[in-house]
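Morning, everyone. I have one structure to walk through today. Please have a look at it first.

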Amino acid sequence: DSIHNIKWRIAMKVLIKCIGFVGDHLFATGIAKELRNQGVEQIDYSVQVHQVMGLFNDDPYIDRVIHNSQLTDELLAQYDVIHNLPGVDQAYASKKR
C-alpha cells in the first residue's frame, strides 16, 4: 500500500521502520511531514544506520528516533500502525538505467 492511500485517524501513533543504507533512510524522512499534515499525533522512526540518528532527531516532524536493535515487542505494541520501508534493491535500480 502506498503511504498516500492509507486513511489515518487523529491521535494515531505511527512507527516508520527503516532498513537499508543511509540513502534509503534519507528518502524516508519526507513521509513524516505528510503524516503530520494528515493529523497523525506521534511519528517515530526506527533506523538501522546509527549515522542518520542525528539527522532524524533534528527533523521537526519526527517525534522519536529509535535504533532497530532497541525495538522490543512491548515497545512495538504501543503503535497503532507500523510501516516497514524496504531498502532500495540496488540490482533492480541499476537495471533501470
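Let me start with a question: which residues of helix 2 are buried? They are I31, A32 and L35. Buried means under 20% relative accessible area; exposed means over 50%, and partly exposed is in between (1.4 Å probe, protein chains only). Helices (H or I, at least four residues) and strands (E, at least two) are DSSP runs, numbered from the N terminus.

Seen down the axis of helix 2, those buried residues fall within an arc of 100°, so they line one face of the helix. The arc is that of the directions from the helix axis to the C-beta atoms. The cover over these residues includes strand 1, helix 1 (22-28), strand 2 and strand 4. Just after helix 2 comes G39, with a positive phi of about 100°.

Two housekeeping sentences. This is a predicted model, where local features need pLDDT of at least 70, side-chain atom pairs count only at pLDDT 80 or more, and totals for chains, interfaces and linings use all residues. Residues are numbered from 1 along each chain as its sequence is written, and side-chain values use heavy atoms, with hydrogens and water left out.

Now the overall layout. The protein has five helices and four strands. Along the sequence, the pattern reads β-α-α-β-α-β-α-β-α. Of the 97 residues, 36% are buried. Contact here means heavy atoms within 4.5 Å. Take the contacts with a separation of 6 or more: 62% of them join residues 24 or more positions apart. The accessible surface is about 6200 Å², and 51% of that belongs to carbon and sulfur atoms. Those areas come from the Shrake-Rupley method with a 1.4 Å probe; for residues, only the protein chains shown count as cover.

On to the strands. Two strands pair if DSSP finds at least two bridges between them. Strand 1 and strand 2 pair in the parallel sense, over five bridges. One of the pairings puts V14 against I43 in strand 2. Strand 2 also pairs with strand 3, again parallel, over four bridges. There, Y45 stands opposite V65 in strand 3. How many of the six residues of strand 2 are buried? Five, so the strand is mostly covered.

Next, the inside. A nonpolar core is a set of buried Ala, Val, Leu, Ile, Met, Phe, Trp, Tyr and Cys residues joined through side-chain atoms within 4.5 Å. The largest one has 20 residues. Those with the most contacts inside it are V14, I16, C18, L35, Y45 and F56. The elements giving two or more residues to this core are strand 1 (13-18), helix 2 (30-37), strand 2 (42-47), helix 3 (53-57) and strand 4 (81-85). Apart from it lies another core, of five residues, including I66, L71, L75 and Y79.

Let me pick out F56. F56 sits in helix 3. Its relative accessible area is 1%, so F56 counts as buried. Beyond its neighbours within four places in sequence, F56 contacts C18, H25, T29, Y45, V47, I62 and V65. From F56 to I66, ten residues on in sequence, the C-alpha distance is 9.8 Å.

S46 is in strand 2. Is S46 buried or exposed? Buried, because its relative accessible area is 0%. Its side chain makes a polar contact with the side chain of N68, at 2.8 Å. A polar contact is a pair of N or O atoms within 3.5 Å; within protein, one must be able to donate a hydrogen and the other to accept it, and residues adjacent in sequence count only if both atoms are side-chain atoms.

H67 belongs to strand 3 (residues 64-67). H67 is buried too, with a relative accessible area of 10%. The H67 side chain reaches the backbone oxygen of Q48 at 3.2 Å.

Last stop, I19. I19 lies in the loop between strand 1 and helix 1. At 40% relative accessibility, I19 is partly exposed. I19 and L85 are 66 residues apart along the chain, yet their C-alpha atoms are separated by 6.6 Å. Not counting residues up to four places away, I19 touches D24, H25, Q48, N68, L85, P86 and G87.

That's my tour; over to you.
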